[in-house]
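Here is a short briefing to keep beside the viewer while you look around. Please open the structure and follow the topics in order.

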Amino acid sequence: MTSRSKTHISPPPAGEPYLLTPGPLTTASSVKQAMQRDWGSWDGDFRAMTAKMRSELLDLIGDTNSEFDCVPIQGSGTFVVEAMLASFLPRQSRTLVLVNGAYGKRVVETLTYLGRAHTIIDKGDYLPPRASEVAAALEADPDITHVVVVHCETSSGILNPISEISDVVYKAGRKLLIDSMSAFGALSVDVSTIRYEAVVASSNKCIEGVPGFGFVIGRKSELEQAKGRSHSLSLDVHAQWTNMNKTGQWRFTPPTHVVAAFMEALRLHKEEGGVSARGDRYAENRNVLVAGMRDIGFETLLTEPWLSPIIVTFFNPVHSAFEFQKFYDAMKQRGFIIYPGKLTVVDSFRIGCIGHMDASVMQQVVDAARDVLAELGVDSARPPEAALLERSKLAA
Ligand SMILES: *Cc1c(COP(=O)(O)O)cnc(C)c1O
């Protein structure tokens with residue numbers, strides 16, 4: 001039996017599918033309604049909204065000593081990752097990037113654009129970077145000043161072990177930056193339990209807002225040193241920070257409606273019970289999804305403790321009648337948008353557990369998948385042996 005979610009979940013309007021994707025995702029109707037009014041970006045009401053948003057986001061990391069500040073940046077999540085890297089990494093820095101999927105690779109690509117020296121530990125499609133490997137890499141290369149890690153690597157859904165990584169990074173006297181885009185708001189990055197210099201996330205993931213901006217939460221002492229470092233005017237975190245603190249305004253046109261929607265999303269987040277309650281609902285979503293899909297015969301790429309409550313990768317069945325596009329279309333017809341996989345070795349698809357949805361919705365997803373397999377004439381969802389062999393590389 002699954003416990004009922006404490007938060008009231010309303011279905012999307014008729015004809016609108018559930019987005020089982022890692023953002024943009026399904027939002028509450030009150031979040032959408034919050035966009036039905038115009039705001040003057042220079043006006044005191046909008047400035048107050050921005051100030052409140054920054055302070056509420058700082059509350060989510062438990063910054064009781066006021067050591068951090070929150071700097072929103074216009075654009076998608078990638079914009080704010082780039083902004084963080086350009087502003088928090090000195091031009092003479094050397095960064096170790098922990099890669100196990102598309103978002104880690106994007107960090108490397110960004111550092112190449114920025115001309116910042118870097119080295120990588122690449123674990124392939126989904127294997128987790130472990131503390132011992134990071135410690136060894138730091139010891140072998142004393143020039144490394146910073147480490148970048150992706151919290152939940154959304155391309156496989158793996159929950160990377162950021163706590164053990166943080167411990168070895170600071171034991172070695174280096175600094176950590178975290179891309180917590182798809183985890184922030186549902187999985188803790190509380191500064192009393194994990195040390196880092198900056199973390200980034202965006203409006204359209206676990207806070208359940210709509211897309212349009214991201215935010216850097218950074219240590220003030222690091223923010224102060226970021227002056228003049230960024231290659232980019234619009235992505236300069238220090239400039240945005242100092243200007244916002246001085247005038248209360250964003251430097252360039254803010255996504256006013258998106259911010260208004262985000263305030264409603266933050267209100268719902270708090271009402272639900274904050275980070276732990278949000279994480280619990282997503283974990284329950286994942287549990288119902290995974291148990292149901294396994295019952296049909298699907299296999300997950302990951303097993304505990306790596307299986308995040310954010311998004312789950314399933315192997316495609318090896319059955320000759322299974323075609324992802326047909327499966328996708330038939331799921332969409334039943335009101336569910338799923339997501340293609342991103343593994344290079346075996347074919348897969350992904351189903352997100354985040355967004356304004358509860359376990360009863362996930363049960364409907366499972367029922368739809370069972371239905372669709374029957375419709376396609378796929379009588380076994382078992383993956384190819386190669387997939388199971390691949391998965392056996394994953395030790396706890
Ligand atoms: C979503 C996401 C991003 C940002 O992607 P955008 O498409 O630019 O919003 C970055 N890192 C991770 C881990 C993500 O899940």
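Predicted model: local features only at pLDDT ≥ 70, side-chain atom pairs only at ≥ 80, totals over all residues.

A polar contact is a pair of N or O atoms within 3.5 Å.

**The ligand and its surroundings**

- The space that the ligand takes up is the largest pocket.
- Which residues surround the ligand? They are Ser76, Gly77, Thr78, Tyr103, Arg106, Val150, Cys152, Thr154, Asp179, Met181, Ser182 and Lys205.
- By residue class, this shell divides into 4 nonpolar, 5 polar and 3 charged residues.
- Two helices, α3 (77-88) and α4 (102-114), each supply at least two residues of the shell around the ligand.

- Glu390 has its place in helix α13 (residues 385-391).
- Is Glu390 buried or exposed? Glu390 counts as buried because its relative accessibility is 12%, and buried means under 20%.
- The side chain of Glu390 is joined to the side chain of Lys393 by a polar contact of 3.0 Å.
- Ile351 belongs to strand β14 (residues 348-352).
- With a relative accessible area of 1%, Ile351 is buried.
- Ile351 and Ile337 are 14 residues apart along the chain, and their C-alpha atoms are separated by 8.6 Å.

**Cis peptide bonds**

- Gly23 and Pro24 are joined by a cis peptide bond, with omega about 0°.
- You will find Pro24 in the loop between β1 (18-19) and α1 (29-33).
- The peptide bond from Glu304 to Pro305 is cis as well, and its omega is near 5°.
- Pro305 lies in the loop between α10 (274-296) and β11 (311-315).

- Ser66 is not a glycine, yet its phi is positive, at about 50°.
- Where is Ser66 found? Look in the loop between α2 (44-59) and β2 (68-74).
- Ser66 is partly exposed, because its relative accessible area of 46% falls between the cut-offs of 20% for buried and 50% for exposed.
- Glu208, a residue other than glycine, has a positive phi near 70°.
- The loop that holds Glu208 runs between β9 (198-202) and β10 (213-219).
- Glu208 is buried, with a relative accessible area of 5%.

How values were computed. Residues numbered from 1 in each chain as written. Heavy atoms only, no water. Near = heavy atom within 4 Å. 1 Å grid on protein atoms, 1.4 Å probe; cavity = no way out; pocket = protein on both sides within 12 Å on 5 of 7 lines; lining within 4 Å. Sits in = over half its atoms within 2 Å of the grid points. Helix = DSSP H or I, 4+ residues; strand = E, 2+ residues; numbered from the N terminus. Nonpolar A, V, L, I, M, F, W, Y, C, P; charged D, E, K, R; others polar. Buried < 20%, exposed > 50% of the residue type's maximum accessible area, 1.4 Å probe, protein only. Polar contact = N/O pair within 3.5 Å; in protein donor to acceptor, adjacent residues only side chain to side chain.
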